[in-house]
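Please keep the structure in view while reading.

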Amino acid sequence: MPRNLLYSHLSSHLPHFRTSVTSAKVAVNGVQLHYQQAGEGDHAVLLLPGMLGSGETDFGPQLKSLNKKLFTVVAWDPRGYGHSRPPDRDFPADFFERDAKDAVDLMKALKFKKVSLLGWSDGGITALIAAAKYPSYIHKMVIWGANAYVTDKDSMIYEGIRDVSKWSERTRKPLEALYGYDYFARTCEKWVDGIRQFKHLPDGNICRHLLPHVQCPTLIVHGEKDPLVPRFHADFIHEHVKGSRLHLMPEGKHNLHLRFADEFNKLAEDFLQ
């Protein structure tokens, strides 16, 4: 029996196994979406990964350590990412809106009445759009490493990561293992072109027009040493999402939830309760 099925089997038959992570696929909007799930709390929390991300590559410490009694934690692989393939990932003009709808429809398919969102990077953008477009379904939201628009400076940063052969081995390895080098390299290039298309819209707009429509309590976390997302993006979101809180992590980089997992998890748990 494959390991994920074994875990699913054990967790449904042995109560003490419920701290384990189960995984499955469900049909949503014409795609088989893969997700991982942990915990048995009343409060459903969806983890939204970044570019090329998946539950397993992006959220290990959260799946493992977020409070299992308070929360039911779901980490999804957006279409074309992780194990939600086929299809291959593509980047039409509305790819963030498509991800937001997929994410909400996935949680509804899993019968959750209302959910909170933890969104990293692209997943933070997706979370903002979901919260703005489906306000009655979103309880609370934590985002980090997100941006509501694209500037010339951002465009230059994106060009700098286009060629995955120049990435550090530590960052590259898990993604290469997940995708194989060719799909990984090709999809990263497609992502750079996909995100840069917003540069040609007025104000480089991705979702700035939606920020005033976010109604849920929102925590924005920013790593002050993030090399990919400058501080002004966190400030802009904070300024335009009514009642939001901004928390700065002086030593945090883009992956602050992995590098400082205990601190981040505590911050998220305290905010979500």
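The model is predicted.

**Annotated span**
- An unreviewed UniProt entry gives residues 44-154 the annotation "domain: AB hydrolase-1".
- In the model, 36% of residues 44-154 is helix and 22% is strand, and the end C-alpha atoms of the span are 33 Å apart.

**Largest pocket**
- The volume of the largest pocket is about 1,000 Å³.
- Its lining has 35 residues, and W120, T171, L228, H254 and N255 are the closest to the centre of the pocket.
- Helix α7 (169-179) supplies at least two residues of this lining, as do α2 (55-58), α3 (60-65), α5, α6 (152-160) and α10 (256-259).
- The most comes from α7, with 4 residues.
- By type, the lining of the largest pocket holds 16 nonpolar, 12 polar and 7 charged residues.

**Largest cavity**
- The model has 2 cavities of 30 Å³ or more.
- The largest cavity holds about 60 Å³ of space.
- Residues lining the largest cavity include L48, P49, W76, Y81, R89 and D99.
- D122, G123 and T126 also line the largest cavity.
- Helix α5 (residues 122-133) contributes the most to this lining, with 3 residues.
- The lining of the largest cavity consists of 6 nonpolar, 3 polar and 3 charged residues.

**Second largest cavity**
- The second largest cavity has a volume of about 50 Å³.
- Its lining is made up of I143, W144, G145, A146, I220, V221, H222, A234 and I237.
- Two or more of these residues come from each of β6 (138-144), β7 (218-223) and α9 (231-240).
- Strand β7 gives the most, with 3 residues.
- This lining has 7 nonpolar residues, 2 polar ones and no charged ones.

**Nonpolar cores**
- The largest nonpolar core has 66 residues, and M107, L117, L128, M141, W191, C207 and I237 touch the most other members.
- Beyond its neighbours within four places in sequence, I237 is in contact with L128, I143, A146, N147, A148, L211, I220 and S244.
- A separate second core of 22 residues includes V45, W120, V221 and F271.
- I237 belongs to the largest core and also lines the second largest cavity.
- V221 lines that cavity as well, but V221 is part of the second core.

Notes
Residues numbered from 1 in each chain as written. Predicted model: local features only at pLDDT ≥ 70, side-chain atom pairs only at ≥ 80, totals over all residues. Heavy atoms only, no water. 1 Å grid on protein atoms, 1.4 Å probe; cavity = no way out; pocket = protein on both sides within 12 Å on 5 of 7 lines; lining within 4 Å. Points joined across faces, edges and corners; volume = space filled by probe spheres on them. Nonpolar A, V, L, I, M, F, W, Y, C, P; charged D, E, K, R; others polar. Core = buried A, V, L, I, M, F, W, Y, C linked by side-chain atoms within 4.5 Å. Buried < 20%, exposed > 50% of the residue type's maximum accessible area, 1.4 Å probe, protein only. Contact = heavy atoms within 4.5 Å. UniProt positions renumbered as here; feature names shortened; annotations may be inferred.
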